[in-house]
Each structure stands twice: as structure tokens, then as C-alpha cells.
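Welcome! Work through the exercises below with the structure open beside you, and try each task before reading its solution.

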Amino acid sequence: MSQPAAPCWLCARPLGARTEWHHPVPKSRGGRETVPLHPICHSTLHAIFSTGELGRFGADKARLAEHPDLARFLTWIAGRPPDFHAPTRRKR
């Protein structure tokens, strides 16, 4: 299976062996476009934001990254290898 050439849409690190596809605008809100993400980045997005919140952000990655929890995650994940994975904490 060939690896996508694009980096992870969220963290911009190279993609590893597993790639998940995310709708920046949720399908329930009419989104059709998908972007490649690491599994940990995908699960973190859904742990921090509800579908409604993701719909309001849309594909505005810069606005998403301003959220304190996501900004902390992006700083933490920046130096990790492409196939790094760890359990994702859910929103309380």
C-alpha cells in the first residue's frame, strides 16, 4: 500500500504506516473533503471537539490550533516519530 505524499493535515509531521482520513467539515454538516491525519491526531481532534464545534471551525486549521488543549497537544507531538501512538485522553 502506498503512503500518501502529503504530511498530516493537523501536525504537519510526515505520515507513518497508518493514515486516517478526517472531514474538516463534518459529513453531517455537508463536508465532503477529507484530509490525511495520524491516528493519534485524529483521535485527539475528536476528543477535544464535538462535531458541532468542528463544523464551526471548518477547515480553518489555524483557528483550531489556537485552542489551548490542541495547542498543547501540537507542541507535545511535534518531536515524535510518524508512527508514534499513545492513549488519547477524552474530554471531561
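**Exercise 1.** Find what share of the contacts with a separation of 6 or more comes from residues 24 or more positions apart, and describe the overall build of the protein.

*Solution.*
- Step 1: In this predicted model, residues 24 or more positions apart account for 54% of the contacts with a separation of 6 or more.
- Step 2: The secondary structure comes to 4 helices and 2 strands, and along the sequence they follow the pattern β-β-α-α-α-α.
- Step 3: The radius of gyration is 13 Å, close to the 12 Å that the globule rule gives for 92 residues, so the protein is as compact as a globular protein of that length.
- Step 4: Along the principal axes, the C-alpha atoms fill a box of roughly 30 × 30 × 20 Å.
- Step 5: Of the 92 residues, 38% count as buried.

**Exercise 2.** Work out how many residues of helix α1 are buried, and what covers them.

*Solution.*
- Step 1: Helix α1 spans residues 39-48. A residue counts as buried when its relative accessible area is under 20%.
- Step 2: Pro39, Ile40, Cys41, His42, Ser43, Thr44, Leu45, Ala47 and Ile48 pass that test.
- Step 3: That is 9 of the 10 residues, so α1 is largely enclosed by the rest of the structure.
- Step 4: The cover over the buried residues of α1 includes strands β1 (20-22) and β2 (35-37), together with helices α2 (51-57), α3 (61-65) and α4.

**Exercise 3.** Decide how the buried residues of α4 are placed around the helix axis.

*Solution.*
- Step 1: Leu70, Phe73, Leu74 and Ile77 are the buried residues of α4.
- Step 2: Because they cover an arc of only 100° around the axis, they lie on the same side of α4.
- Step 3: Pro68, Arg72 and Thr75 are exposed on the other side of α4.
- Step 4: Helices α1 and α3 are among the elements that cover the buried residues of α4.

**Exercise 4.** Locate the salt bridges of the whole structure and say whether the partners are buried or exposed.

*Solution.*
- Step 1: A search of the whole structure finds 2 salt bridges.
- Step 2: One joins the side chains of Glu20 and Arg18, at 3.1 Å from N to O. Glu20 is partly exposed, at 22% relative accessible area, while Arg18 is exposed, at 53%.
- Step 3: Another joins Arg72 and Asp69, at 2.5 Å from N to O. Arg72 is exposed, at 54%, and Asp69 is partly exposed, at 36%.
- Step 4: Arg72 and Asp69 are 3 residues apart in helix α4 (residues 68-77), so about one helical turn separates them.

Methods: Residues are numbered from 1 along each chain as its sequence is written. This is a predicted model: local features need pLDDT of at least 70, side-chain atom pairs count only at pLDDT 80 or more; totals for chains, interfaces and linings use all residues. Side-chain values use heavy atoms; hydrogens and water are left out. A salt bridge is a side-chain nitrogen of Lys or Arg within 4 Å of a carboxyl oxygen of Asp or Glu. Buried means under 20% relative accessible area, exposed over 50%, partly exposed in between (1.4 Å probe, protein chains only). Contact means heavy atoms within 4.5 Å. The arc is that of the directions from the helix axis to the C-beta atoms. The radius of gyration is taken over C-alpha atoms; the globule rule is 2.2 Å times the number of residues to the power 0.38.
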